[in-house]
Amino acid sequence: MNAEPSFTPRSDFLRILSERGFLHQCTHWEALDDALGQGPVTAYIGFDATADSLHVGHLLSIMALRWLQKTGHRPIVLMGGGTTRIGDPSFRDSTRPLLDDAQIAANIAGIRRVFDRFLRFGEGPRDAVMVNNADWLDGLGYIPFLRDFGRHFSVNRMLTFDSVRQRLDREQPLTFLEFNYMLLQAYDFVELSRRFGCRLQMGGSDQWGNIVNGVELGRRVDERDLFGLTTSLLTTASGAKMGKTAGGAVWLNRERLAAYDFWQFWRNTEDADVGRFLRLFTELPLDEIARLEALGGSEINEAKKLLATEVTTLVHGPDAAQEAAETARRTFEEGSGGEALPRLLLPKDRLAEGTKLVDLLVASGLAASKGEARRLIAGGGARVNGAVVSEDEATLSLQDLGEDGVIKLSAGRKRHALVCVQED
């Protein structure tokens with residue numbers, strides 16, 4: 001169970017993931033490489049339905065499934081309709097809130113829309129399938145399950161996994177409900193191997209213990225040769241967790257985050273991360289990526305724009321990506337508004353009477369509270385039509401409308417919104 005392969009993979013799938021920097025750990029590197037070279041391998045990644053969209057933190061796993069299919073293998077997207085009722089305790093400080101069945105079903109429907117852009121679903125031998133572990137977990141009898149499968153797990157060993165030990169070391173409660181999660185995830189692998197011939201489970205490095213449990217359970221109960229493979233958990237060059245911003249998670253569904261804001265997230269990538277993110281989150285050729293990451297000075301911004309457009313194309317489609325790129329160009333290079341920017345509609349009489357800038361910053365989403373808005377103004381980060389406003393009691397009126405009939409609000413140099421007069 002070594003970290004990163006010590007040999008050059010022969011299979012296209014492992015070779016591509018190795019070259020692009022995906023790989024972290026595998027249960028049996030050479031045996032998996034041989035299996036991938038002998039014919040199509042079915043592999044899965046599990047996703048719990050804790051929200052109606054996945055976020056950028058899931059994108060590495062999604063890209064791994066995409067490369068799996070592009071290299072001739074069959075991906076399974078396993079939705080945790082059953083395990084979501086418990087919640088994965090891995091590396092969490094607290095218990096997840098429990099969701100009801102209706103919310104879980106709605107979340108799965110929202111998540112499906114993400115995968116439709118990345119994978120080809122169908123009935124063919126290499127077409128992706130999406131399955132729900134509630135299909136088998138809901139029918140389990142507790143006593144028979146413990147008798148048939150629980151006996152293969154050592155509590156002593158389970159307590160040594162980092163995901164559990166860190167929680168206990170911090171003296172934070174770990175419920176018995178959560179402790180059962182790793183048994184159910186291991187059983188998922190056994191069921192998928194029986195139903196679909198699945199031989200490989202993939203996931204982030206935080207899932208290593210759960211994945212190893214599944215590999216070993218399949219060997220013990222069915223004498224099956226299964227494999228586990230993990231990708232690295234990403235942090236930015238400055239050490240921040242990938243996909244987290246001051247405004248919260250960077251969601252993949254447009255209902256959660258506008259395509260323009262998604263594009264802007266990637267445009268703001270740190271210089272040191274550009275090459276790495278191009279390899280992980282785009283399908284650009286490696287020689288082109290090498291050229292782009294070697295750009296210096298202001299030229300690196302062109303590589304960032306290409307990164308933003310390529311990732312937004314994968315997630316939201318080419319039209320949304322081009323619209324976001326054009327909006328950014330008009331906003332930053334020409335100083336104009338752009339149709340994709342967030343808009344705040346105000347009645348004409350309200351704007352005629354004068355409205356406080358603090359209130360508009362909050363209403364437009366550029367500040368989370370009036371206190372944050374005042375701090376933004378005090379720090380020189382608030383702009384109206386490109387001009388810094390330093391008075392926290394400033395009010396805006398019809399006279400502040402530009403020639404295009406809008407007021408452009410800015411929080412710093414990268415976040416913008418438009419105030420428009422609501423038509424009668």
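R195 is partly exposed, with a relative accessible area of 45%, where partly exposed denotes the range between buried (under 20% relative accessible area) and exposed (over 50%), computed with a 1.4 Å probe on protein chains only. The structure is a predicted model, in which local features need pLDDT of at least 70 and side-chain atom pairs count only at pLDDT 80 or more, whereas totals for chains, interfaces and linings use all residues. Residues are numbered from 1 along each chain as its sequence is written, and side-chain values use heavy atoms, with hydrogens and water left out.

The side chain of R195 meets that of E191 in a salt bridge (2.7 Å, N to O), a term that requires a side-chain nitrogen of Lys or Arg within 4 Å of a carboxyl oxygen of Asp or Glu. Both residues belong to helix 10 (residues 181-196), where they lie 4 residues apart, about one turn of the helix; helices (H or I, at least four residues) and strands (E, at least two) are DSSP runs numbered from the N terminus. E191, at 9% relative accessibility, counts as buried.

In total, the structure holds 21 salt bridges. Among them, E255 and R113 pair through their side chains (3.6 Å, N to O); E255 lies in the loop between strand 9 (248-249) and helix 12 (259-267) and R113 in helix 4 (residues 101-115), so the pair ties together parts that are 142 residues apart in sequence. E255 is exposed, with a relative accessible area of 61%, while R113 is partly exposed at 45%. R10, D33 and D34 are linked in a network of salt bridges.
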